[in-house]
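Keep the structure open as you read.

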Amino acid sequence: MPSPAHQKPTKGAGTSRLTAKAKATNGGGTAGSFALPVSTAPMEARSATEIPSDGAWQYEPKWDGFRCLAFKSGKEVDLRAKSGKPLGRFFPEVIALLRQLGASQFVVDGELVIEVDGRLSFDALQMRLHPAASRVQKLSQQTPARLILFDMLVDAKGVILTDKPLPIRRASLEALPPRMPLSLGSSFRPSRSTGRRPSTGSPLGKRAPPMGLSPSGAIGPTNAASARW
């Protein structure tokens, strides 16, 4: 049965509080303290020939964006690509957004996306990978990015959740942040999901969402060990 690959970034982490010194890429280049190393790799789905239907599964759309882990500790914020490369300097508006959130610490897994004319644009994301800070800043104002969230690795209390099953992690994710300015609500939110098996060719039901979602969704079991990191 296809299932997400296991990534256990910290040995014996459990629900303990763990602080690892890491280099924060928030524009200032200062050192920050995060609950998990910034080298932590995201959990990945495995390819399958058909959509699984046995057992308890959570179905999500596949977003056309950059996979990203977001780390926060106080005012220190870092964004990391799936490869481990820093993304913060290319998305200053997302860094600013995370700093404004009521929660003072967390680690979340998600996808950076940019919407252009009602659809997600991968080209707009690639344009951000520009060496000139002035160009990046201009693009961040013209086509601001959003962070769509999949998973929570560390909650707002600093508790590491990587050994917890998906339903617990998802509940913690949906409870974040405790305070959110209304103007920022659409820029930082959990991905759509369902426990009902979607039909072939549809991301999450009869009608495709309006932002260019792919019908091949990221799928993960919610009641088995493979739902754990």
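Rings of Phe, Tyr and Trp (its six-membered ring) pair if their centres lie within 6.5 Å; planes under 30 degrees apart count as stacked, over 60 as edge-to-face and the rest as tilted. By this rule there are three aromatic pairs. In one of them, the ring centres of Phe34 and Phe71 are 5.7 Å apart and the planes stand at 55 degrees, so the pair is tilted. Phe34 belongs to strand β2 (residues 31-34) and Phe71 to strand β4 (residues 66-73), so the pair ties together parts 37 residues apart in sequence. Helices (H or I, at least four residues) and strands (E, at least two) are DSSP runs, numbered from the N terminus.

Phe34 counts as buried at 1%. Phe71 counts as buried at 0%.

Phe66 and Phe122 make an edge-to-face pair, with 5.3 Å centre to centre and 85 degrees between the planes. Phe66 sits in strand β4 and Phe122 in helix α2, so this pair ties together parts 56 residues apart in sequence. Phe66 is buried at 12% relative accessibility, and Phe122 is partly exposed at 29%. Phe66, Phe91 and Phe122 form one aromatic cluster.

A word on provenance. This is a predicted model: local features need pLDDT of at least 70, side-chain atom pairs count only at pLDDT 80 or more, and totals for chains, interfaces and linings use all residues. Residues are numbered from 1 along each chain as its sequence is written, and side-chain values use heavy atoms, with hydrogens and water left out. Here pLDDT is the predictor's confidence in each residue, from 0 to 100. The protein chain averages 74, and 68% of the residues score at least 70. Over residues 1-31 the pLDDT is below 50, yet this stretch has 95 contacts in the model beyond near neighbours in sequence. A contact means heavy atoms within 4.5 Å. Over residues 204-228 the pLDDT also stays under 50, and the model has 84 contacts there beyond four places in sequence.

Now the cores. In soluble globular proteins, nonpolar side chains tend to be buried together. A nonpolar core is a set of buried Ala, Val, Leu, Ile, Met, Phe, Trp, Tyr and Cys residues joined through side-chain atoms within 4.5 Å. The largest one has 31 residues, of which Leu79, Phe91, Leu98, Phe106, Leu112 and Phe188 touch the most other members. Two or more residues come from each of β4, β5 (76-81), α1, β6, α2 and β8 (145-154). Phe91 touches Phe66, Leu79, Leu112, Ile114, Leu125, Arg128 and Ala145, leaving out residues up to four places away in sequence.

Next, the helices. In α1, the buried residues are Glu93, Val94, Ile95, Leu97 and Leu98. They pack against β4, β5, β6, α3, β8 and β9 (188-190). Helix α3 (residues 133-142) buries Val136, Leu139 and Ser140. Seen down the axis of α3, its buried residues fall within an arc of 105 degrees, so they line one face of the helix. That arc is taken from the directions from the helix axis to the C-beta atoms. On the other side of α3, Ser134 and Gln141 are exposed. The cover over the buried residues of α3 includes α1 (92-100) and α2 (122-127).

Last, three polar residues. Arg169 lies in helix α4 (residues 166-174). Its relative accessible area is 1%, so Arg169 is buried. What does its side chain contact? A polar contact is a pair of N or O atoms within 3.5 Å; within protein, one must be able to donate a hydrogen and the other to accept it, and residues adjacent in sequence count only if both atoms are side-chain atoms. The side chain of Arg169 makes such a contact with the side chain of Asp151, at 2.8 Å. The backbone oxygen of Lys164 is 2.6 Å from a polar atom of the Arg169 side chain.

Ser83 is placed in the loop between β5 and α1. Ser83 is exposed, at 57%. Its side chain reaches the backbone nitrogen of Lys85 at 3.4 Å. Asp117 is in the loop between β6 (105-116) and β7 (119-120). Asp117 is exposed, at 79%. Its phi is near 55 degrees, a positive value in a residue other than glycine.

Key. Buried < 20%, exposed > 50% of the residue type's maximum accessible area, 1.4 Å probe, protein only.
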